[in-house]
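Thanks for taking a look at this one with me. Please open the model and keep it beside you as you go through the points below.

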Amino acid sequence: MAFKDSFDSAVNKAKEVLDVACKKTGEVVNIQKLKIDASTLESKREEDFAALGKIYFDSIKNSEDVDENVAGLVADIKEKTEQINKLRDEISASKNKRVCPSCGAFVEKNSVYCSVCGAKITFDGE
């Protein structure tokens, strides 16, 4: 009988440990899910900030009546955009392709429409 009592006691203890482990695992899973949800929302918020910044940039890029700090950022963005366009042109030339002026995708030299965005391809000098 003592063996049965010790066996039952061990089984009950094992159940308690398993219950605690399952509870902790559930808590960890819930915390990870919350972290993923928060991270997803943060990413979406960053996209919104970027979109807002793009809208603001587009509205003031040719304005002279802006804050000095903003004017500096606008100039930096314009300069980087020019550098990006030059690099893309170099890349497309080395691939014997052109860059879609609408979406920036590489397209075949003889393409009439962009295979990515569907825009009609028109280039300077054509």
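Does cysteine 114 count as buried or exposed? At 5% relative accessibility, cysteine 114 counts as buried, where buried means under 20% relative accessible area, exposed over 50%, and partly exposed in between (1.4 Å probe, protein chains only).

1. Before going further, a word on the ground rules. This is a predicted model, in which local features need pLDDT of at least 70 and side-chain atom pairs count only at pLDDT 80 or more, while totals for chains, interfaces and linings use all residues. Residues are numbered from 1 along each chain as its sequence is written, and side-chain values use heavy atoms, with hydrogens and water left out.

2. Let us stay with cysteine 114 for a moment. Leaving aside residues up to four places away in sequence, cysteine 114 touches Cys100, Cys103, Ala105, Val107, Ala119 and Ile121; contact here means heavy atoms within 4.5 Å. Cys114 also belongs to the largest nonpolar core, 5 residues in all, together with Cys100, Ala105, Val107 and Ile121. Such a core is a set of buried Ala, Val, Leu, Ile, Met, Phe, Trp, Tyr and Cys residues joined through side-chain atoms within 4.5 Å.

3. A search of the whole structure finds 0 of them, a disulfide being a pair of cysteine sulfur atoms within 2.5 Å. For cysteine 114, the closest cysteine sulfur is that of cysteine 103, at 3.7 Å, which is too far for a bond. Cysteine 117 also has its closest cysteine sulfur in cysteine 103, here at 3.8 Å and again too far for a bond. Cysteine 117 is partly exposed, with a relative accessible area of 39%.

4. Now to the charged side chains. How many salt bridges does the count come to? There are 5 salt bridges, each a side-chain nitrogen of Lys or Arg within 4 Å of a carboxyl oxygen of Asp or Glu. Lys54, Asp58 and Lys61 are linked in a network.

5. Another salt bridge joins glutamate 108 to lysine 97, with the closest N and O atoms 3.1 Å apart. Glutamate 108 lies in strand β2 (residues 106–108) and lysine 97 in strand β1 (residues 97–99), so the pair ties together parts that are 11 residues apart in sequence. Glutamate 108 is partly exposed at 42%, and lysine 97 is partly exposed at 25%.

6. A look at the rings is quick. The structure holds 0 aromatic pairs; to pair, rings of Phe, Tyr and Trp (its six-membered ring) need centres within 6.5 Å, with planes under 30 degrees apart counted as stacked, over 60 as edge-to-face and the rest as tilted. Arginine 88, however, lies over the face of phenylalanine 106, at 5.9 Å from the ring centre. That label requires NZ of Lys or CZ of Arg within 6 Å of the ring centre and within 35 degrees of the ring normal.

7. Aspartate 89 is found in helix α2 (residues 68–94), and its C-alpha atom is separated by 6.9 Å from that of valine 99, 10 residues apart along the chain. Lysine 95 lies in the loop between α2 and β1; lysine 95 and valine 107 are 12 residues apart in sequence and 9.8 Å apart in space, C-alpha to C-alpha.

How values were computed:
Helix = DSSP H or I, 4+ residues; strand = E, 2+ residues; numbered from the N terminus.
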